[in-house]
Structure formats: structure tokens, C-alpha cells
Amino acid sequence: MLRRDFIKLSAGLGAGLGAATLAPISSARAQTKAVFKAADVQPVGYPTVAAVESMGKKLAEATQGRLSIQTYPSAQLGAEKETIEQTQIGAIQMLRVSAGAVGPIVDEINVVNMPFLFKNIAQSWKMMDGEVGQELLDKITASPNANLVGLCWMDSGARSFYNTKHPIKSIADVHGLKLRVIGNPIFIDMVNALGGNGIAMGYDQVFSSLQTGVIDGAENNPPSYVFSNHYTAAKYYSLTEHLIIPEILCFSKRSWTALSADDQALIKKFAREAQLEERELWKKYETTAMEKAKAAGCQIVEIADKKPFQDAVKPVWDKYGPKYQAMIQRIQAL
């Protein structure tokens with residue numbers, strides 16, 4: 001993003017929400033009118049984007065247009081790293097971001113970034129919907145460095161490897177592959193433990209890097225693989241399902257503090273509804289993605305025995321697991 005555009009965004013925030021600090025809280029906050037910018041790197045129609053759009057309609061209706069949400073999908077406001085930074089200073093108000101990208105900012109979130117943590121998707125839902133999920137969201141909100149408010153979780157299925165070279169049927173097939181991961185040390189170490197070469201890279205750079213051979217592959221869920229067109233460059237998708245990483249919908253803490261308690265409660269209510277709506281949208285979207293990949297001739301490889309992969313990432317667990325042990329036990333007991 002150019003500096004002048006960034007300044008315009010910041011100025012827009014001041015005009016919309018900053019004015020609330022110039023008058024007594026009881027009157028000014030009650031009259032606050034704002035359009036919240038909501039950023040997402042995924043395209044229009046993607047479940048996370050659609051869920052936030054639905055949330056915006058509910059918010060506008062409930063406040064008679066006083067509060068509304070303008071979505072900016074397809075990385076219009078920048079890649080994940082840039083949009084996180086803009087949300088932290090209040091230039092963007094809402095952000096859907098992977099827990100993988102939040103982990104380096106709020107260390108406690110890294111517990112859900114451990115490979116093969118969840119037994120299945122249903123277990124991850126239990127985490128999101130229960131006490132553990134709320135505690136982790138509260139960790140984001142309480143973090144003095146994050147400057148974010150954790151609103152809700154969103155499903156993003158299981159992540160698997162895809163590449164341009166050959167099908168991955170065993171760990172031996174990972175050896176030497178340059179594989180893109182989210183910029184989190186846990187993921188880099190995970191790929192390296194499997195024999196590959198983990199490369200941290202922004203999501204917006206993956207497609208061109210696959211095309212030019214800068215990377216051999218990446219790892220992600222089926223909708224991201226297909227609807228960001230990665231499947232047109234990398235024809236081999238192997239269902240390792242090594243990570244089940246939830247998405248997080250965050251609000252800028254700087255913008256949040258300018259809202260009344262009633263408005264905050266309303267946003268949290270609709271965010272919780274968005275969490276469940278997105279999950280239903282995800283199921284359909286994932287099925288459509290797999291069908292599209294198969295129709296395009298992609299080779300979808302089932303991994304019948306994942307234990308060799310689980311055993312191979314033991315060094316990652318030995319390195320990071322001990323400090324998250326209490327929370328890991330609570331999650332695995334769900």
C-alpha cells in the first residue's frame with residue numbers, strides 16, 4: 001500500500017470514530033456513525049467473506065444504518081501481514097486472518113498451530129465453540145502488543161500439501177520440495193522435519209511463485225487451493241491434513257474503544273452468529289472446490305496412514321509443545 005493511501009485510511013478513521021473522544025462518552029458514543037472496513041485476502045464468495053458480509057447486513061439493520069461493514073476481499077487492502085498492521089493502528093477496523101499469522105503476535109494462539117493437534121474437524125469446532133475457544137480469543141484481546149480484539153473463530157478445514165512436481169504419497173515424496181508456509185516458525189520447522197524446505201511467503205505471492213518455480217508447492221485447504229487458482233499450477237494435492245488451523249475475525253482495539261458498550265455487545269453477538277454461519281458455508285464450498293479440482297484433472301491423493309507424518313513432526317512438538325502443554329491437554333480431551 002502506498003503511503004498516501006495509508007494516510008487516507010487513517011484520516012478516514014479519525015473522521016468516523018475518533019470524533020467520539022471529543023465529547024462526553026454518554027452522548028458522543030451513542031451517536032457514533034461508522035462504516036467499518038473489513039479486510040480478507042480471499043475472493044468474493046469465499047465463506048469467510050460471505051459470513052462477514054452477512055454480519056454487516058445484520059449490523060446495519062439493527063442500528064438503522066448507523067453502523068455498517070464494507071468488505072474488501074481479494075487482498076484489496078494488502079496481504080495478511082500488511083492488513084494486520086493496519087488493523088492494529090485502526091486504519092482497518094475488521095480483519096479475517098489465519099491463526100497461523102496471529103501466533104507470532106499472541107504466542108498463546110500458537111497452540112492451535114501445532115501439527116496434528118486436532119483429531120478431526122469436529123474436535124476443532126468444539127474448541128471454537130467452548131470455553132477454550134473463548135479463552136484464546138480473550139488472550140488476543142488482553143495482549144498489550146496485539147492491539148486487536150478477538151471476535152470469533154471461523155472454520156477453514158484441514159490443510160494438505162500440493163505441488164507441481166509429483167504426488168506426495170509418503171514422507172519420502174516431501175524430501176527436497178520447496179513448500180510455502182505462513183510466516184510462523186512452527187510451520188517452517190514442520191516442513192523441514194518432514195524433509196522439505198519450508199519457505200515463509202505472503203499468500204498473495206503463492207500463485208505467481210508456483211508458476212515461476214520459486215516454490216514447488218504449498219499447503220492449504222481445498223477452497224484456498226482451488227479458488228485462488230493454485231490448482232491450475234500445482235496439479236498434485238495430497239490429503240495429509242497435517243494442520244487444522246482456524247481463522248480468527250479480529251477488530252481493531254483502537255477502533256473498538258471508541259464504541260459504546262452496547263455497540264460492542266451487538267458486534268460480538270453478530271460475530272458469534274457469523275462463526276456458525278461460516279461453518280455451514282464452508283462445508284458446501286469445500287465440496288465444490290474438490291469437485292472442481294478433480295474436473296480439472298488434478299490428482300487427489302488419499303493418505304491412508306498418516307502416522308509416519310505424525311511421527312516425523314515429533315521434533316516440532318518437542319520444541320514448542322511443552323509451553324502449551326496444559327492447553328493442549330484440554331483441547332485433546334474435547
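This is a predicted model: local features need pLDDT of at least 70, side-chain atom pairs count only at pLDDT 80 or more; totals for chains, interfaces and linings use all residues.

**Charged pairs**

I began with Arg96 and Glu247, and both are buried (under 20% relative accessible area; exposed is over 50%, partly exposed in between, with a 1.4 Å probe and protein chains only). Residues are numbered from 1 along each chain as its sequence is written, and side-chain values use heavy atoms, with hydrogens and water left out.

Arg96 and Glu247 form a salt bridge, with 2.5 Å between the closest N and O atoms (the rule is a side-chain nitrogen of Lys or Arg within 4 Å of a carboxyl oxygen of Asp or Glu). Arg96 sits in strand β3 (residues 94–98) and Glu247 in strand β10 (residues 247–252), so the bridge ties together parts 151 residues apart in sequence. I took helices (H or I, at least four residues) and strands (E, at least two) as DSSP runs, numbered from the N terminus.

Which residues are linked with Arg96 and Glu247 in a network of salt bridges? I found Asp40 and Glu80 there. Glu80 is also one of the buried residues of helix α4 (residues 80–89).

I then looked at Arg279, which forms a salt bridge with Asp129, the closest N and O atoms being 2.9 Å apart. This pair links helix α12 (residues 261–295) with helix α6 (residues 121–129), 150 residues apart. Arg279 is buried at 7% relative accessible area, whereas Asp129 is partly exposed at 30%.

My count of salt bridges came to 17.

**Cysteines**

How many disulfides are there by the rule? I counted zero, taking a disulfide as a pair of cysteine sulfur atoms within 2.5 Å. For Cys152, the nearest cysteine sulfur is that of Cys250, 8.9 Å away. Cys152 is buried at 1% relative accessible area, and Cys250 is buried at 0%.

**Helix packing**

Last, I checked helix α7 (residues 131–142) against helix α15 (residues 325–332): they pack at about 145°, with axes 10 Å apart. The axes are lines fitted to C-alpha atoms, for helices over the stretch in contact, and angles run from 0 to 180 degrees between N-to-C directions. Glu131, Val132, Glu135 and Leu136 of α7 meet Met327, Arg330 and Ile331 of α15 (contact means heavy atoms within 4.5 Å).
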